[in-house]
Amino acid sequence: MSTAISVAALGELIAGWIGQGKLVAAPVQVGDRLLYQALSSAAAAVFDARRRPANSIKEFLFPRHEQIFRYRLEGKEIALSDVVPEEREQIVIAAKPCDAAALPILDRVFNWDCEDSFYTARRARTTVVTLACAAHDDACFCTSVGSGPADESGSDAMLFDRGDGQFEVKAITEKGRALFGVSSAEADDGTLKRAPQTKFDPARVARYLEANFESPLWKDLTLACLGCGACAYTCPTCHCFDIVDEGNAAGGARVKNWDSCQFPFFTLHASGHNPRSAQPQRQRQRLFHKFSIYPAKFGSTLCTGCGNCERNCPVGLGVLKVLQAIDGEARRLDEKEPVQA
Amino acid sequence: MTERLRQTARRLLEEGNVQVVIGYGASGPVFITRPEDADKLEWNDRCFANLTVYLTRKEVKALGKAALVVKGCDERALVVLEKESQIDRAALYVIGMACDGLGAAKCVECQTHVPRFADEVIGTQAEPPAPRCAPEPNGLDRLMAKSPAERWAFWTAEFARCVKCYACRQVCPLCYCERCIADKNRPVAIDTSATPKGNFAWHITRAFHLAARCIGCGECTRACPAGIPLGLLNQALAQATEENFGYRPGMDREAEPVFGAWSPADKEDFIG
């Protein structure tokens, strides 16, 4: 039995979910950009297997800003109050597999030593429906980090564009089955044929990083970086945050805001010393975290190969170009001195 | 033009006049320090970035005396930076590229296709060249035709997408403060939160700090990952500056900047 569903039927489903009070997010056309946004109406959702939104779905689990608790100053006393957690169910639909694949990566970070209850609560009430990719661009490199255009990691259900206005549905988890009720077993018809070629070897890159913390390559490759957070803030896996108090003499809130290792003040010590005082050091940190530190701790890269860093970089830098140059250098060194098996 | 640019860069580096040539490469800005690398320089429709931003970066300054590739629009930033004592123009070699517009919307209304103060200009270009595309869809006139309430609604919706990545600040050649007011935390001047309050505070402050200084290169709009047309705020202030003071930043090397000069003949009565 075919389990195909039309765009119109998907729209009806979305309208139903919105009607039930759920938050539904999907790619939306905003000016010349495709951006994941919460939908106010089903019609705004864009089901395009050939284009990638400029932001990521992490926003819906790890928002750019959230309150942790509130405080009130009463004389010499400080009264604290919890923030009431939002309990609305969320559905992210037509997400890219490289966005969904970031969620198991983030799960580990937000739960490895203590549980981030804000993140885990949102995660538990979020269902992710991906749309397998039917195209890639020069910035895409999912296959270089062990992912792919139909990677099911982090997806509760996956849609496959048949090209005739119909989508095959593949339920992956119970949450996904609950949304659609049906599932097609053989949905992956040739999506992999459209995958980007492998562009570097992450194991070889990790080996090079371990041995080359100090290298002139860092400056040569990253001097153009202007030190903004466009890469980190549109990255599905970057998860750094800052905690600040915002309020006035009467009270306020302790809040958690996105932060980026590319900002000079990210590592500024109270003493005035800054261990990462130059931009190439900050770029090196970002790459080390993604391709050496996180893999050593959790066994996978902190990167899904989505390419957003390069697409959003005002100077066209991104992770891929630096890694390709490092991989080339590492290969050259390996040929000179083969790695002992 | 690309070949002439490479020849110039090679010559400058060989003669030892400069230690680095800052220009455009195949996929972004490049810093050429050896004559044999001059072939990495490119000149094409992707040369958007305003490279004058690098002149105030300490990592780039450390490379030594620079030659800089500029378009006519970018060059206006050099005039302002010089007026504000941020660069030593005599210690800089400016390679100007005559530009017919890069096929970008912002280039349609450009009035400086040929750099005017460069040490050397490569190429020629009639002013103005035939437009290659339609002007900005969200042009300033369209925005100013709206009522204040509509403009408020417009910016509320636009700023709602801001994630505070500060790409707008980092690409701006005139946002060179070592410690931006947005980074001050003892005490906090602007909420770091990407909330309506924090975002309005940031964008209005950014625009005000660039009033009568912004040269209209449009890099802030181009860099914004959320697609917010930030340059419109600056354009509105530039228009007010021109109407009230007859001043366009970076157009005239002799003109006194509006902030940074005063006159007893000022029409406001608080002067003198």
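Within strand S8 of chain A, A:Leu159 is the bridge partner of A:Leu131. The model described here is predicted. A:Leu131 lies in a strand pair in which S7 (residues 126-131) of chain A runs parallel to S8(A), the two being joined by three bridges. On pairing with strand S9 (residues 166-171) of chain A, S8(A) runs antiparallel, with five bridges; here A:Met158 is placed opposite A:Lys170. Four residues separate S8(A) from S9(A) in a hairpin, and A:Gly163 in the turn adopts a positive phi of about 90 degrees.

Burial extends to both faces of S8(A): A:Ala157, A:Leu159 and A:Asp161 are buried on one side, as are A:Met158 and A:Phe160 on the other. Since five of the five residues of S8 (residues 157-161) are buried, this strand of chain A is largely enclosed by the rest of the structure.

In chain B, an open sheet of mixed pairing is formed by five strands in the order S2-S1-S3-S4-S5. Strands S3 (residues 66-71) and S4 (residues 92-97) of chain B pair in the parallel sense over six bridges, and B:Leu68 has B:Val94 of S4(B) as its bridge partner. Helix H3 (residues 72-83) of chain B packs on the sheet, where it touches S3 and S4 of chain B, its direction making about 130 degrees with that of S3(B).

Between the chains, 34 residues of chain A are in contact with 25 residues of chain B. By class, the chain A side comprises 18 nonpolar, ten polar and six charged residues.

Conventions
Residues numbered from 1 in each chain as written. Chains lettered and ligands numbered in written order. Predicted model: local features only at pLDDT ≥ 70, side-chain atom pairs only at ≥ 80, totals over all residues. Contact = placed C-beta atoms within 7 Å. Nonpolar A, V, L, I, M, F, W, Y, C, P; charged D, E, K, R; others polar. Pairing = 2+ DSSP bridges. Axes fitted to C-alpha atoms, helices over the stretch in contact; angles between N-to-C directions. Buried ≥ 20, exposed ≤ 12 C-beta atoms within 10 Å, placed from the backbone.
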